[in-house]
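Have the sequence and the 3D view open as you read.

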Amino acid sequence: MKAVVTRVTAAHVEVDGETVGALDLAPGAQGLVVLLGVTHDDTADTARRMADKIWTLRILDDETSAADRDAPLLVVSQFTLYGDVRKGRRPSWNAAAPGPVAEPLVDRFVTAVSDLGATVSTGRFGAHMRVHSVNDGPVTILVEM
């Protein structure tokens with residue numbers, strides 16, 4: 001499992017012009033956008049460990065975590081994190097888990113981070129999404145399990 005975690009001051013995701021997920025942040029508050037990719041050997045335990053890691057990452061102001069500040073998360077499935085461009089110019093998606101494997105694990109991640117206390121919004125799995133975010137810092141971290 002791989003995630004790109006970005007500290008933001010605003011974020012929302014649209015599908016077909018409709019907002020399907022958004023962070024409700026007060027002025028000056030911070031949240032996290034989590035682009036989440038799943039590979040073939042990921043499990044429910046991988047999703048749980050990833051949720052715990054991201055929820056407690058100390059990347060908000062004053063080296064605090066989302067858990068410390070009750071900061072919300074916007075989680076967007078992102079199979080393209082497993083794009084391989086080592087050969088040629090066209091990415092290979094072989095390392096990305098297929099939808100029937102990936103979708104339940106993305107859902108498991110969302111459930112796990114919610115169970116830890118997070119307020120979570122999501123995109124729509126498999127949809128063409130437009131993700132809008134205002135990066136803060138900018139702070140962007142790659143997390144791999």
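Let's start with threonine 64: its side chain reaches the backbone oxygen of aspartate 61 at 2.7 Å. Keep in mind that this is a predicted model. The side chain of threonine 64 also makes a polar contact with the side chain of arginine 69, at 2.7 Å. You'll find threonine 64 in the loop between H1 and H2. Is threonine 64 buried or exposed? With a relative accessible area of 16%, threonine 64 is buried, because the cut-off is under 20%. Setting aside neighbours within four places in sequence, threonine 64 touches Leu57, Arg58, Ile59 and Arg69.

Now to helix H1 itself. Helix H1 covers residues 44-56, 13 residues in total. From its first C-alpha to its last, H1 reaches 19 Å, close to the 18 Å expected at 1.5 Å a residue. At the start of H1, a side-chain oxygen of threonine 43 comes to within 3.2 Å of the backbone nitrogen of aspartate 45.

Which residues of H1 are buried? They are Thr46, Ala47, Met50, Ala51, Ile54 and Trp55. Looking down the axis of H1, these buried residues fall within an arc of 155°, so they line one face of the helix. Their cover includes strands S1, S3, S4 and S6, along with helices H2 and H3.

| From | To | Distance |
|---|---|---|
| Threonine 64 side chain | Aspartate 61 backbone oxygen | 2.7 Å |
| Threonine 64 side chain | Arginine 69 side chain | 2.7 Å |
| Threonine 43 side-chain oxygen | Aspartate 45 backbone nitrogen | within 3.2 Å |

Strand S4, part of that cover, is also the place of leucine 73. At 0% relative accessibility, leucine 73 counts as buried. Leaving aside neighbours within four places in sequence, leucine 73 has contacts that include Ile54 and Trp55, plus Leu23, Leu32, Val34 and Ala66. Others in contact with leucine 73 include Val113, Thr119, Val120 and Ser121. Alanine 118 is also one of its contacts: the two C-alpha atoms are separated by 7.1 Å, although the residues are 45 apart along the chain.

Finally, have a look at the largest pocket. It holds about 300 Å³ of space. The lining of the largest pocket has 19 residues, and Ser77, Gln78, Phe79, Gly126 and Met129 lie nearest its centre. Which element gives the most to this lining? That is H3, with three residues. S3, S4, H3 and S6 each supply at least two.

Definitions and conventions: Residues numbered from 1 in each chain as written. Predicted model: local features only at pLDDT ≥ 70, side-chain atom pairs only at ≥ 80, totals over all residues. Heavy atoms only, no water. Helix = DSSP H or I, 4+ residues; strand = E, 2+ residues; numbered from the N terminus. Expected span 1.5 Å × (residues − 1). Buried < 20%, exposed > 50% of the residue type's maximum accessible area, 1.4 Å probe, protein only. Arc of directions from axis to C-beta. Contact = heavy atoms within 4.5 Å. Polar contact = N/O pair within 3.5 Å; in protein donor to acceptor, adjacent residues only side chain to side chain. 1 Å grid on protein atoms, 1.4 Å probe; cavity = no way out; pocket = protein on both sides within 12 Å on 5 of 7 lines; lining within 4 Å. Points joined across faces, edges and corners; volume = space filled by probe spheres on them.
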